[in-house]
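Here's a quick briefing for anyone opening this structure for the first time. Take a look at it, then read on.

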Number of protein chains: 2
Amino acid sequence: LPDAVPAFVWVDHEIAPGAALTLDASAAHHVVRVCRARVGDTVAVTDGRGGVARGRLARLTPAVVVEIQTVDRSERTATGVLLCGAPEGQRFDWLVEKLAELGVGRVRPVHCARGAWAPAAVRPERWRRLAVAAIEQSRSRFLLEIESPADLEDAVGAEGAPKLGLVADPEGAPAGGLVRQTGGSTVAVVGPAAGLTPEEKAGLRERGFLPVSFSGSRLRTETAAVAWAAWWAAPV
Amino acid sequence: LPDAVPAFVWVDHEIAPGAALTLDASAAHHVVRVCRARVGDTVAVTDGRGGVARGRLARLTPAVVVEIQTVDRSERTATGVLLCGAPEGQRFDWLVEKLAELGVGRVRPVHCARGAWAPAAVRPERWRRLAVAAIEQSRSRFLLEIESPADLEDAVGAEGAPKLGLVADPEGAPAGGLVRQTGGSTVAVVGPAAGLTPEEKAGLRERGFLPVSFSGSRLRTETAAVAWAAWWAAPV
């Protein structure tokens, strides 16, 4: 959709031509208050699963309703997945925003030997809001999925055999010399603030995960994660 | 220096063998309270200008003093410089931290046609503290320099002719297909939240700045900046 359509919102619905969608409070606020759209104006809507629709703002009261006119749908050709150890403090919040902007498909917090996620640090509703804001900001058609925390080994097992598996490691192969997968899934593991143990690293190597270095210096958890995401997202 | 030396601090001094350095309050706190070093322990010290010294904690009172034993010095082979338009809110604070961790050499806030830096958003002391924390975190030997804000045109002019000049642009050449300069200076321009004007883009092209895209989607100012930094920092 052209940038000339100012309102671009995510909806938690199937979108199909002819449907009348009632916007939730957040999307309604964005369309009516931020973008100042009026009845009759064109609005762009994404379902975050590859569909982007052009619609018409049909009414504002008692609820904001968009009538879908046309839908354009595409599939992901490449999916980036991050299994992320616990960073310090609230640093995961901005990481979620950055992963979402860079088009990463899924992120899962993983408990590691040297760092478990504190229950209070797991804030799925806040993370979801950040991901939705990012999809609207970047006018993207895919919403970052945020999964429940799991133990590292279980999370890695649940991914099956990715096309490319990486683990961030200052001693690893240089990222600048590595060919990125432009199709299929890339799964990256980033350790917690205190790092992965030698046993965890060995277990990942046995499963085919390649140690990769994203910088000449030691990076914090969330910095290694965003460096991986930028590497993964770079257009070729 | 081996990771086995727990205390690694930045000092705003020349470091030379035989010198006795008095640590400032922040470095003293890090060495004594965070790393729990005692008199006689080995301490690593960087001047942030390429020098890293091994020293001995000589005394704790009335001030914390490190006697420098050996100094290892190296020069940068490649320098990354960012001229950065104003992002939204306080987003530059974490960008400073990420640029510092990724080893970027200098950053300069630039006023653009669609976005000037509000005086209250320019916080050089806070940014310096974040950069110092990052150099200590990543055990690096180069401190991120943070320059005073300038108008875009003046800032670009002051850089002379970089070996590689880039401007972040969603319509630009794909970053994944671009060869990074492993020597000399790379200067990147990232526009403010509302973007660069066509005139600003044309002026940069005339000066040889290449438009480069760092993602398939639209990125916020600080996301484009960190994506550039990650691209620039990736070891080859």
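By what turn, and with what shift along the axis, can chain A be laid on chain B? The turn is 180 degrees and the shift is 0.0 Å, with an RMSD of 0.0 Å. The two copies are thus related as by a two-fold rotation axis. Keep in mind that this is a predicted model.

**How the chains meet**

- On the chain A side, 33 residues are in contact with chain B, and 33 residues of chain B take part in return.
- Put together, chain A and chain B bury about 2,700 Å² between them, with 53% of that on carbon and sulfur atoms.
- Within chain A, the residues that lose the most area to chain B are A:Arg218, A:Arg220 and A:Pro235, which together make up 24% of what that side buries.
- Of the interface residues of chain A, 100% are also interface residues in chain B, so the copies meet through the same surface.

**What holds hands across the interface**

- If you're looking for salt bridges between chain A and chain B, the count is eight.
- One of the salt bridges pairs A:Arg220 with B:Glu97, and their closest N and O atoms are 3.8 Å apart.
- There are also 16 residue pairs in polar contact across the interface of chain A and chain B.

**Which parts of chain A are involved**

- Three elements of chain A each give two or more residues to the side that touches chain B: helix H2 (91-101), helix H3 (124-138) and helix H6 (221-233).
- H6(A) gives the most to that side, with six residues.
- Sorted by class, the side of chain A that touches chain B has 15 nonpolar, nine polar and nine charged residues.

- Where would you find B:Glu159? Look in the loop of chain B between helix H4 (152-158) and strand S10 (164-174).
- Is B:Glu159 buried or exposed? B:Glu159 has a relative accessible area of 15%, and the cut-off for buried is under 20%, so B:Glu159 counts as buried.
- The side chain of B:Glu159 makes a polar contact with the side chain of B:Arg106, at 2.9 Å.
- Leaving out residues up to four places away in sequence, B:Glu159 touches B:Val81, B:Leu83, B:Arg106, B:Glu147 and B:Val187.

Key: Residues numbered from 1 in each chain as written. Chains lettered and ligands numbered in written order. Predicted model: local features only at pLDDT ≥ 70, side-chain atom pairs only at ≥ 80, totals over all residues. Heavy atoms only, no water. Contact = heavy atoms within 4.5 Å. Buried area = accessible area lost by both parts, 1.4 Å probe. Salt bridge = Lys/Arg side-chain N within 4 Å of Asp/Glu carboxyl O. Polar contact = N/O pair within 3.5 Å; in protein donor to acceptor, adjacent residues only side chain to side chain. Helix = DSSP H or I, 4+ residues; strand = E, 2+ residues; numbered from the N terminus. Nonpolar A, V, L, I, M, F, W, Y, C, P; charged D, E, K, R; others polar. Least-squares fit on C-alpha atoms with pLDDT ≥ 70 in both. Buried < 20%, exposed > 50% of the residue type's maximum accessible area, 1.4 Å probe, protein only.
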